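Thanks for coming. I have one structure to go through today, and I will keep to the contacts. Please have a look at it before I start.

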Amino acid sequence: MTTNAKKGRIFSGMRPSGRLHLGNHIGALQNWVNLQQEYECIYCAVDIHALTDSASKDATSQIKPNIYEMVLDWLAAGVDPEKSIIFVQSHVREVVILHGILSMFTPMGWLMRVPTFKEKLRQLDATEHTVSYGLVGYPVLMTADIILYKADTVPVGEDQLPHLELAREIVRRFNHLFGPTFPEPKAKLTTYPLVVGLDGQSKMSKSLDNHIELAASPDDTTKKVMKAVTDPNRKFLSDPGRPEVCNVFALHKYFNPDKVDQIHQQCTSASIGCVQDKQLLAKGINDKLNDLRERRQELASKKGLVEEILMDGAAKAQTIARETLGQVMERIGLA
Ligand code: TRP
C-alpha cells in the first residue's frame, strides 16, 4: 500500500450482520470500493461491537458466520485486499486496550448525551441502569477503532455523525492532556440518499425483511421485486403513477439510470403499469449485479480464501496498532 500519493487514511467499520443487501451496497459498500482509488483504506468487521446486541450464546455463535458472508460481499463488490487492509476487529486485540485507556479520559456525561444512545434506550425500553457498560461505551470503542490506525477520514452514514463528534472530542482531550498524538477524524458523509425498502415504508433493512440480498439469485430477486409496494394511489393501469412517492422508481435511479427519464414519463402518463415497471427493475438489478454475484460464487468456492485474506489483513493492521499503542503508553507514562 502506498501512502504518499493518497489523500489520507480511511477507517470504516461494519457490524457483521451477514449477507448485505442493496441498501448496504448503495449506501456504504460502493463508496468503500470507490474510496480505495484516492485513500489508503482500512475496513473492519466490528465483531466486538456486535456483542452489544448479542447477549446470548445463540446470538454470539452467529457472529463468525456473519463475518464470512459479509466479507464475501465486500470482496465481490470490489474491496480489494491488494489495495486495502481488510480485517476483523477482535483479531487485533490492541483495540481493547486502547478502548480501556480512552475510557479513563471520557466523562460519562459525554456518553449519556449521545443522541444514538438515548435513542437506543428508547428502542430497548431500557434505562442507563439496565443496559450494559459496553453499550454506553460503544462510541469509545469506535473511537479506539479509528485512532488506533490514526485514520483522518471516516466514511459513515448520517446516523453515525454523533459518534464521530464524540471521537473528535476524545481526541482533542487526549492531545491536550498528553501532546499531539492523533489526527481529529473527519466524517465523510455518503452522498446517496436513504434507500427505502420494498415495503415503501422505511429504510431497507434485514430486520424488516424489506430487502434484497446482493447474493440473491436472479429468480429470488425478481420474486421480491414483483411483491414490492408501489404508489398506493395507483389502483388501475389507467391511473397515472407518482414516481416521487414510489420506491420502485427510487431504485430505478440506481439500477436503470439510463432509462429513468423514460420510465418517469411512462409511469406518469400511465403508459406502463406497475407490473411491467417492476419487471424492468428486476432486470436492471440482475444485470447490474451479475458480475458481483459471479465473483462472489467464485470466491466462495475457494476454500479458506476469506480466512486467509482476513489473517493477512489482521497482520498488517496489527503492525500499525502496536506502534500506536506503544506511543500511547509512552505518552501517558505507562511505558
Ligand atoms: N458504529 C458503526 C455502525 O454501526 C460501525 C463502526 C464501528 C464504525 N467502528 C467504526 C464505523 C469505526 C466507522 C468507524 O455502523
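Predicted model: local features only at pLDDT ≥ 70, side-chain atom pairs only at ≥ 80, totals over all residues.

**Salt bridges, domains and the ligand**

How many salt bridges does the rule count? The count comes to 21.

Next, the domains. The protein splits into domain 1, made of 9-195 + 304-331, and domain 2, which covers 218-297. Domain 1 brings twelve residues to the contact and domain 2 brings eight. Their C-alpha centres are 34 Å apart.

How much area is buried between domain 1 and domain 2? The figure is about 900 Å², and carbon and sulfur atoms give 67% of that. On the side of domain 1, the residues that lose the most area to domain 2 are L22, I26 and A76, together 52% of what that side buries.

Now the polar part of that interface. Two salt bridges are counted between domain 1 and domain 2. Separately, the rule finds three residue pairs in polar contact across the interface, with both residues at pLDDT 80 or more.

Which helices supply the side of domain 1 that touches domain 2? Both α1 (22-35) and α4 (63-77) supply at least two residues each. Of the elements there, α4 gives the most, with five residues. By type, the residues of that side are eight nonpolar, one polar and three charged.

One more salt bridge to look at on screen is E69 with R296, whose side chains meet at 2.9 Å, N to O.

Last item, the ligand. It is surrounded by 13 residues, and the closest are R15, Y138, M142, D145 and Q160. Which side chains have a polar atom by a ligand nitrogen? Y138 is one of them: an N or O atom of its side chain is 2.8 Å from a nitrogen atom of the ligand. For D145, a polar side-chain atom also lies 2.8 Å from a ligand nitrogen. For Q160, the distance from a side-chain N or O atom to a nitrogen atom of the ligand is 2.9 Å.

That is what I have on this one.

How values were computed:
Residues numbered from 1 in each chain as written. Heavy atoms only, no water. Domains from an automatic or database assignment. Contact = heavy atoms within 4.5 Å. Buried area = accessible area lost by both parts, 1.4 Å probe. Salt bridge = Lys/Arg side-chain N within 4 Å of Asp/Glu carboxyl O. Polar contact = N/O pair within 3.5 Å; in protein donor to acceptor, adjacent residues only side chain to side chain. Helix = DSSP H or I, 4+ residues; strand = E, 2+ residues; numbered from the N terminus. Nonpolar A, V, L, I, M, F, W, Y, C, P; charged D, E, K, R; others polar. Near = heavy atom within 4 Å.
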